[in-house]
Amino acid sequence: MSYLRFEKAQMTNLQESLPKELLRTNRSGAYACSTIVDCNTRKYHGLLVVPVPEIDDENHVLLSSLDCSVIQHGAAFNLGLHKYQGNNFSPNGHKYIREFDCDKVPTTLYRVGGVLLKREIVFQHFEDRILIRYTLVDAHYATTLRFKPFLAFRSVRQFTHENPIVNKDYQEVDNGIKTCLYAGYPELFMQFSRKVQFVFQPDWYRGIEYTKEQERGYASNEDLYVPGYFEVNLHKGDAIVFAASTSATNVRGLRPLFDKEVSERSPRDNFFHCLVNAAHQFHVEDKHGKKYILAGYPWFKARARDTFIALPGLTLSIEEDEFFDAAMQTAEKGVRNFMDGKPLTVNIYEIEQPDVLLWAIWCIQQYAKEKGLEQCAAKYGKLVLDIIHYIRADKHPNLTLESNALVKTDGKDRPVTWMNSIANGKPVVPRTGFIVEFNALWYNALRFGNNIADTLGQAKVAGELKALAEQCGMSFVSTFFNQYNYLFDYVDPEGEEQDWSVRPNMIFAAAFDYSPLTQDQKKNVIDICTRELLTPKGLRSLSPKSGGYNPMYIGPQVQRDYAYHQGTAWPWLGGFYMEACLKLYKRTRLSFIERQMVGYEDEMFYHCVGTLPELFDGNPPFHGRGAVSYAMNVAEILRSLEQMEKYKY
């Protein structure tokens, strides 16, 4: 029996099936995303969503959906599903679904009377082309399939509505048509593996509604343009492949192309393989051959902090060292552009954030643990020492090295950490001054840099870094460790303010390979995180006992902004928590960590099938929220699984 399989009762119950989403990507930035019953519930959903750099740096929905109807004896049974205003669903094609399987490729089995129709979807790697194969598994009589494409041609952040300027022209191409609704967009080719009849019948389908946008307090309805429909006759056992693409398709090669793409997909037959499959979706290569890590789907781009935190788990933990090196090569260009004060030559955002360079060193450190210190020093040693020198020389615009050997930043007026939500133009969590994870990262970087310098034979530099690390370690403990045996989240020396909030950022000081804390101090940090922050979905961003606890990430944008880092739970933080537990307690905590993993494996069957969403409510039942698939979460759980294996033997 398949791992990711949903029965008829689950599929036909929209209360169960509509919240479950499905994501397919091409590893070049394009994706297909919808619910498992093919009813779009977000403006980000679509069958063919692609970057259009000629317009902007956003993705654009070209083909929103494709309705398929089964026609026998003149009666049509539409298998599609759309939600219209007034909570009206039509044409209710989900009632024909017998089962849905997502083991290798998403496969839906429909039964309409004596007709059994199988639909399989695959997104061609590195091409803006979605492929759908329909197989007439069983039929007692001659059967016609009718395909009706719903077109949007708009940014994922906008809506389209009926208008007089839409270009309704189309041209016939091999086994299909091509069309382009608006100037500046690429042409959309819709073609089949066998000859079909296209009937031009232009119309607008008005008032289609997206429930997820309603929940998020946004505008939620649009009109979609349908140029007409395609028809083809099939007999029992016949199959036809549909391709939607921004370039012409060789229709004679569609069937072998589909088979080839399926053969290259790894099965999602267990928890680990689901995470590996999800990890690959964040691996992106642009048209210039540069490799990136996308922060998440469907709205995130490549962000610097996310790249360095997620890269080890998404590559090294699944033995894909080549992609680590390629993505690191791209990221290093961005880092050096920034340190040299030059315009960025790579498409990585937020590289100016003050902790990014520190996370880059942590990322390289994980490479050293996998490949050995000598190999790491030869490949990335200069970058590590250059970053440390850059910070020591006070060249960073918002990270200064103070006389106590700690690093300080200004976060009063704009967010500078991963807790970056803004409300009314101000940070919701204004962390400023000496920030706990910044300085845990800095101490770890100095100690690691000392090892790198030693390995490279730079004795003078190694000595300087060792001395600075010792001073930093003493200052860290005296600054952050309080009388209640946990760490302040930040200390602002200018305002003489200490943040007593119990937050998860202290866990990094216990999890990193080099920590200024004693074993007892680490134990105290882990204990308070366990008592006040731990959930089955990761660590809360704020303790329920601290002021301002707001764990439910729901409602309109402002309401969600105030909850974003005020109690919501984050799996990637849970990854560092599990690392800290294993380092301190070794094998005695393995069974505990395995029980924690159950909470993450459960998510393979909810929200976005086979991956982990961005965050969870901090209170039961811990609903998944935010982006449907989030790189740092997938990466840290993969890294935790790898660490568990090492402690087992």
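Select Glu209 to start: this residue sits in strand S17 (residues 197-209). The model is predicted, so local features need pLDDT of at least 70, side-chain atom pairs count only at pLDDT 80 or more, and totals for chains, interfaces and linings use all residues. Residues are numbered from 1 along each chain as its sequence is written, and side-chain values use heavy atoms, without hydrogens and water. Strands (E, at least two residues) and helices (H or I, at least four) are DSSP runs, numbered from the N terminus.

**Stop 1: around Glu209**

Why is Glu209 counted as buried? Its relative accessibility is 9%, and buried means under 20% relative accessible area, with exposed over 50% and partly exposed in between (1.4 Å probe, protein chains only).

Now show the side chains of Lys83 and Gln214. Glu209 makes a side-chain polar contact of 2.6 Å with Lys83. A second one, of 3.4 Å, goes to the side chain of Gln214. A polar contact is a pair of N or O atoms within 3.5 Å; within protein, one must be able to donate a hydrogen and the other to accept it, and residues adjacent in sequence count only if both atoms are side-chain atoms.

Contact means heavy atoms within 4.5 Å.

**Stop 2: an aromatic pair in S17**

Stay in strand S17 and pick Trp204. A search of the whole structure finds 42 aromatic pairs. One of them joins Trp204 and Tyr225: tilted, 5.6 Å centre to centre, with 55° between the planes. The pair links distant parts of the chain, since Tyr225 belongs to strand S18 (residues 221-234), 21 residues apart from Trp204. Rings of Phe, Tyr and Trp (its six-membered ring) pair if their centres lie within 6.5 Å; planes under 30 degrees apart count as stacked, over 60 as edge-to-face and the rest as tilted. Both Trp204 and Tyr225 are buried.

**Stop 3**

Select residues 59-72, strand S5. How many of its residues are buried? The count is 14 of 14.

Strand S5 has these antiparallel partners to display; two strands pair if DSSP finds at least two bridges between them.

- Strand S4 (residues 46-51) joins S5 through 4 bridges; Val50 has His60 as its bridge partner.
- Strand S13 (residues 143-155) joins S5 through 10 bridges; look for Ile71 opposite Thr144.
- Strand S6 (residues 75-78) joins S5 through 4 bridges; Gln72 is partnered by Ala75.

Zoom in on the S5-S6 hairpin. It has 2 residues between the strands, and His73 takes a positive phi near 55°.

**Stop 4: Asp128**

Go to Asp128, in the loop between S11 and S12.

**Stop 5**

Colour the strands in the order S1-S9-S10-S11-S12-S19-S16-S15-S14: they form an open antiparallel sheet of 9 strands. Its edges are strand S1 (5-7) and strand S14 (170-173), each pairing on one side only. On average, neighbouring strands here are turned by 15° against each other, direction ignored.

Inside this sheet, S16 (residues 188-192) and S19 (residues 239-245) run antiparallel, joined by 4 bridges. Gln191 faces Ala243 in S19.

Next, select helix H4 (residues 254-263). It lies across S11, S12, S16 and S19, at about 100° to S12. Axes are lines fitted to C-alpha atoms, for helices over the stretch in contact, and angles run from 0 to 180 degrees between N-to-C directions.

**Stop 6**

Finish with helix H11 (residues 459-480). Its 22 residues reach 31 Å from first C-alpha to last, close to the 32 Å expected at 1.5 Å a residue; the expected span is 1.5 Å times one less than the number of residues. Its buried residues include Leu465, Leu468, Cys472 and Phe476. They pack against elements including helix H9 (373-392), helix H10 (436-455) and strand S28 (490-492).

From S28, display the open antiparallel sheet S27-S28-S29. Its edge strands are S27 and S29 (497-498). S28 and S29 pair over 2 bridges, with Val491 opposite Gln498.
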